[in-house]
Amino acid sequence: MRTPIIAGNWKMNMNPEQTAEFVKAVKNDLPATSKVESVIAAPAVDLPALLEAAKGSELKVAAENCYFEDEGAFTGETSPKVLKEMGVDYVVIGHSERRDYFHETDEDINKKAHAIFKNGLLPIICCGESLETREAGKAEEWVAGQVTAALKDLSGDQVASSVIAYEPIWAIGTGKTASSDQAEEICAVVRKTVAKLYDETVADKVRIQYGGSVKPANVKDLMSKENIDGGLVGGASLVPESYLALVNFNK
Ligand SMILES: O=C[C@H](O)COP(=O)(O)O
């Protein structure tokens with residue numbers, strides 16, 4: 001039985017003060033982690049405030065990115081080793097915004113996944129096709145390729161404990177959600193890809209999120225699908241009431 005995981009991805013929208021206020025507003029109404037994992041992914045500058053505010057609550061903390069080296073002359077980068085020391089749980093990697101604006105490659109993402117596991121963190125690995133790729137009928141092939149590249153040389157146990165987020169680029173921040181059937185179709189492809197690369201046991205354990213205009217009004221429908229175990233939520237995770245409605249989707 002896979003534990004649902006709802007992760008807010010704040011992107012570059014909050015400061016430390018707003019972070020502390022947000023957590024104060026939600027921390028007493030989060031579901032038990034054993035029922036639904038509630039995660040917030042925040043920019044590196046907000047992580048100390050987020051970790052401090054989340055202490056003693058059910059909230060788990062994710063970084064929005066990290067580098068694949070632990071330390072050294074890498075100006076501006078964030079060390080996965082330090083993230084672990086700080087108490088971070090997850091790191092989001094391969095988000096389409098990082099692939100597009102910061103030119104992250106499949107190879108970088110795979111290296112980051114290895115660095116994340118080496119440091120005892122867990123990855124939320126993003127994948128997803130553009131509208132052009134979808135319209136060319138190549139969404140399945142594209143996503144399977146991204147998943148295969150991201151997981152290269154990871155062990156079955158590592159993959160079983162990973163989270164993979166399917167986010168069609170055309171649905172991010174656009175208000176256009178993939179229908180729950182469209183989302184399920186590709187999330188099933190992700191699981192099948194994991195089964196092909198590893199085995200059914202690993203595929204059965206890996207948790208798959210859908211992301212792209214998820215909101216309180218559609219979360220229940222998406223979460224009812226067999227291969228959707230959670231959501232990676234941008235805009236609708238920025239307001240405490242909306243975030244609480246998302247993580248409490250099954251109440
Ligand atoms: O990481 C989150 C996704 O990019 C989705 O963003 P959105 O919920 O604002 O569409």
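**Figure 1. Pairing of strands β1 and β2 in the predicted model.** Ile 5 has Glu 37 as its bridge partner in β2. In this predicted model, strand β1 (residues 5-9) and β2 run parallel and are joined by five bridges. Every residue shown from β2 belongs to a strand that is largely enclosed by the rest of the structure, because six of its six residues are buried.

Figure 2. Strand β2 (residues 37-42) is joined by five bridges to strand β3 (residues 59-63), and the two run parallel. The barrel itself is closed by eight strands with parallel pairing, in the order β1-β2-β3-β4-β5-β6-β7-β8. On average, neighbouring strands of this sheet are turned by 25° against each other, direction ignored.

Figure 3. The shell around the ligand is formed by 14 residues, of which Asn 9, Ile 172, Gly 211, Gly 234 and Gly 235 come nearest. By class, this shell has five nonpolar, eight polar and one charged residues.

**Figure 4. Helix α1 at Val 23.** Val 23 lies in helix α1 (residues 16-26). With 23 other C-beta atoms within 10 Å, Val 23 is buried, because the threshold for burial is 20 or more. Leaving aside neighbours within four places in sequence, Val 23 is in contact with Leu 50, Ala 53, Ala 54 and Leu 59. Val 23 and Pro 240 are 217 residues apart in sequence, and their C-alpha atoms are 8.0 Å apart in space.

**Figure 5. Two loop residues with positive phi.** Most residues other than glycine have a negative phi. His 103, although not a glycine, has a positive phi of about 55°. His 103 lies in the loop between α4 (96-101) and α5. This residue is exposed, with 8 other C-beta atoms within 10 Å. Ser 213 also has a positive phi of about 55° and is not a glycine. The position of Ser 213 is in the loop between β7 (207-211) and α11 (216-223). Ser 213 counts as buried, with 21 C-beta neighbours inside 10 Å.

**Figure 6. Overall context of the close-up views.** The protein has 12 helices and eight strands. Its radius of gyration is 17 Å, close to the 18 Å that the globule rule gives for 251 residues, so the protein is as compact as a globular protein of that length. The C-alpha trace spans about 45 × 45 × 35 Å along its principal axes. Of the 251 residues, 45% count as buried. Among contacts between residues at least 6 apart in sequence, 70% join residues at least 24 apart.

Definitions and conventions
Residues are numbered from 1 along each chain as its sequence is written. This is a predicted model: local features need pLDDT of at least 70, side-chain atom pairs count only at pLDDT 80 or more; totals for chains, interfaces and linings use all residues. A residue is near a molecule or strand if its C-beta atom, placed from the backbone, lies within 6 Å of it. Ala, Val, Leu, Ile, Met, Phe, Trp, Tyr, Cys and Pro count as nonpolar, Asp, Glu, Lys and Arg as charged, and the others, Gly among them, as polar. Two strands pair if DSSP finds at least two bridges between them. Helices (H or I, at least four residues) and strands (E, at least two) are DSSP runs, numbered from the N terminus. Axes are lines fitted to C-alpha atoms, for helices over the stretch in contact, and angles run from 0 to 180 degrees between N-to-C directions. The radius of gyration is taken over C-alpha atoms; the globule rule is 2.2 Å times the number of residues to the power 0.38. A residue is buried if 20 or more other C-beta atoms lie within 10 Å of its own, exposed if 12 or fewer, and partly exposed in between; C-beta atoms are placed from the backbone. Two residues are in contact if their C-beta atoms, placed from the backbone, lie within 7 Å.
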